[in-house]
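Let's take a walk through this model together, starting with the overall build and then stopping at a couple of residues.

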Amino acid sequence: MTSTATAAEPGVGGTETHAPADFRDVRLLPFHFSGDAKEYFRIWIVNVLLTVVTIGIYSAWAKVRTKRYFHGNTTLDGHAFDYHATGKQILKGRLVVFAIFVVYGLVTNIFPLIAPLFAILFMAFAPWMIRASLRFNARYTSWRNVRLDFTGTTLGAFKAYVLWPLAGSLTLGLLMPHATRAMWRYTVDNHRYGNAPMHLADMPLKPLYKGLLGSGAALVGAAVVAVFIVMALATSNHINTVVGQVVSAVFVIGVFALFLFAVGIYQGIATKTALAHLTFDDRHALGAEFSGVRLSGILATNYALTAVTLGLARPWCAVRVSRYVLGNLVLAAQGDLSEYVDSGAEGRSAVGEEFAAFEGMDFGIA
Amino acid sequence: MTSAANAAPRPMVIAGWWFPERGSRRLPARLEVLIETGEACVRTDDPGASVLPLDLSVMTVSTRVGRIPRRLSWPDGAVLETDDNDAVDRLMRTLGRGRSASWAHGLERGGWRFVAAVVVMLVAAYGILVHGVPAAADGVAGVLPDSVAQAADEQALWTVEQMTAPSKAPAGTREDLQALVDELALAAKHEGRLTLLLRDGAGGIGANALALPGGTLVVTDQMLDLMEDPDHMAAVLAHEIAHVEERHGLRRVARAAAWTLMLTVVVEDVAAIGDLAATIPAVLVDAGYSRQFETEADSRAVAILRAAGRDPAAVPTALAKLAEMCDDACEGGWLDTHPGIQERVEETRVLAAQ
């Protein structure tokens, strides 16, 4: 059943959804995030410190706790999500990844001319890691006691996550919205809730191009500011005083922050557009009631704040974005949600997922 | 009923959602546990199965994280989900499984335990980051065989050769310098080969001396011109020999890698792009290690000259000569790989006078 009706005008502040044309028996089930920044900050700090004190071993359990905190505080229709992976599973994957990284680090530092070869190998491995990561996370996530699943192929991951972004960067960003849509489509279309497939219906590209313009403007602004500051510092006699050093450091951090700011702008618009077109089981649809522009602002300031505080603002930022998006997300559900069952398969290896997280390839909003 | 002893024992009750099998069908339910006998059952309004006995010994309970719902599961796929974390904790304690259920939560909950844990861990973390990580990295660097260091040399040498031109010094200069190196190496009791390479650094690295981990020392013609006095040249060579002795090149690389690994693991929670923010501390820390190694090489150079029977004051004098060539750029700072030149002159002057 193709769905074409919209519940409201798509736009900056309106509800956007692709709810089915037949409105009989449709209930609007709200999402909700009940996490609290102070509470999460305590969990986060204990995670970080225990990780350092155990020289990284606790990081596996820290990750599980973080994911369970965010899943467990996300409710749909009053029922929470859950995350089932154990610290031991994550740790096994991490140890393999750690060994690979040690070899990589030593070899490329002692034989730097081999580094490009490693980069190419990595690019070849990336689709497998992405697919493994998506599958592991899906199979260990559940809502109302039914697990999610992921059925994407490695080839699909290669097309969506390597070829398309490559095209995007080779065209200096002009094809980036296509790449974004390809990535979202690969991710969403291959996810299932139990046996019921999810689908990304006809995601439009115009809002993404607008977001790209905004992003570009911020990048240009950052570049202009950077040039000014570089010129000022280069002609200054005080570069080697303490003040000069502090200013240089602030400047470097500031440029990073501005760059991240620009990225946040694009991500916000893209996320809103994608979520507004997400359906599952051909009859339920997500309604994104939040403003893409506002989400952009939140993401952009989050990134910048995290960079400036060297990471300390992260807990507060994570709670902030989850609360905003989930607080303005609804599921337009048609019919009963109690007849879903697992597709039966348990997740397998955690290695791929750990490689992806280790490299910081987490994507999405929470 | 006249005495408390005759009253029927009241069960511990935990309210939640009951999932009889894997699937999204759920029923409001109450878990009832008789502490005294260990009997448990779940009451629902499921027709035909309103009271189900449960075996608590095969029950798995999820650990507590903040206030998220708790999951009690049984091997047949049945699950009870409840928001009443406190009741579950009480149940776990009476079953004797309280400690494992949520020790992390005990720290995260706040209060004095949280503060105490954070303080203790901060102290431990400081020790590990400032001493443990460099020590471990140094250990790895120390264990690497010489052949690895020499292989690394070949690659680094290629880079040096791109940045410089063949030496324009008169014939025999290289051999004279090699003899000086051998004399100093003997005094330093250095095992392993030390080879001297002379290059022209004009328009590039200028007056400079480099030590590669495998034992190759590179000196530029311009440095030769600056250090006409053989004692000053000896000071420069002694400093570079010290770098090779202490494996500074390899140690710095190993420390950088260890630090990067540590940061990546700890900061992995941050979004991908935020990892860029982690490279700033990494650069600062690497610069700090580098400055530490330069200082070590300076003091070792003084000792080597002394052992070779040469005047150790040649080290501060040679450094002072370098200082004449610098302007503000030699002051040293957070981002610099060398300490300020004046500082180095002062410190080596003190060491040489001892």
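What share of the contacts in chain B with a separation of 6 or more comes from residues 24 or more positions apart? Those residues account for 56% of such contacts, where contact means heavy atoms within 4.5 Å.

A quick word on ground rules. This is a predicted model, in which local features need pLDDT of at least 70 and side-chain atom pairs count only at pLDDT 80 or more, while totals for chains, interfaces and linings use all residues. Residues are numbered from 1 along each chain as its sequence is written, chains are lettered from A and ligands numbered from 1 in the order in which they are written, and side-chain values use heavy atoms, with hydrogens and water left out.

Back to chain B, then. It has 12 helices and 11 strands, taken as DSSP runs numbered from the N terminus (H or I, at least four residues, for helices; E, at least two, for strands). Chain B is more spread out than a compact globule, because its radius of gyration is 35 Å, well over the 20 Å that the globule rule gives for 354 residues. That radius is taken over C-alpha atoms, and the rule is 2.2 Å times the number of residues to the power 0.38. Along the principal axes, the C-alpha trace of chain B spans about 115 × 40 × 40 Å.

Now zoom in on Leu56(B), which sits in the loop between β4 (51–54) and β5 (60–61). At 6% relative accessibility, Leu56(B) counts as buried. Beyond its neighbours within four places in sequence, Leu56(B) touches Val33(B), Gly38(B), Ala40(B), Trp74(B), Leu95(B) and Arg97(B). Pro213(B) is another story: it is 157 residues away from Leu56(B) along the chain, and their C-alpha atoms are separated by 63 Å.

Over in chain A, Ser59(A) belongs to helix α2 (residues 59–72), and at 2% relative accessibility Ser59(A) is buried. From Ser59(A) to Ile43(A), 16 residues apart along the chain, the C-alpha separation is 13 Å.

How far can you trust chain A? Its mean pLDDT (the predictor's confidence in each residue, from 0 to 100) is 80, and 83% of its residues reach 70 or more. Over residues 345–349 of chain A, though, pLDDT is below 50, and it stays under 50 over residues 355–366 of chain A. Where pLDDT is low, the predicted coordinates should not be read in detail.

Methods
Buried means under 20% relative accessible area, exposed over 50%, partly exposed in between (1.4 Å probe, protein chains only).
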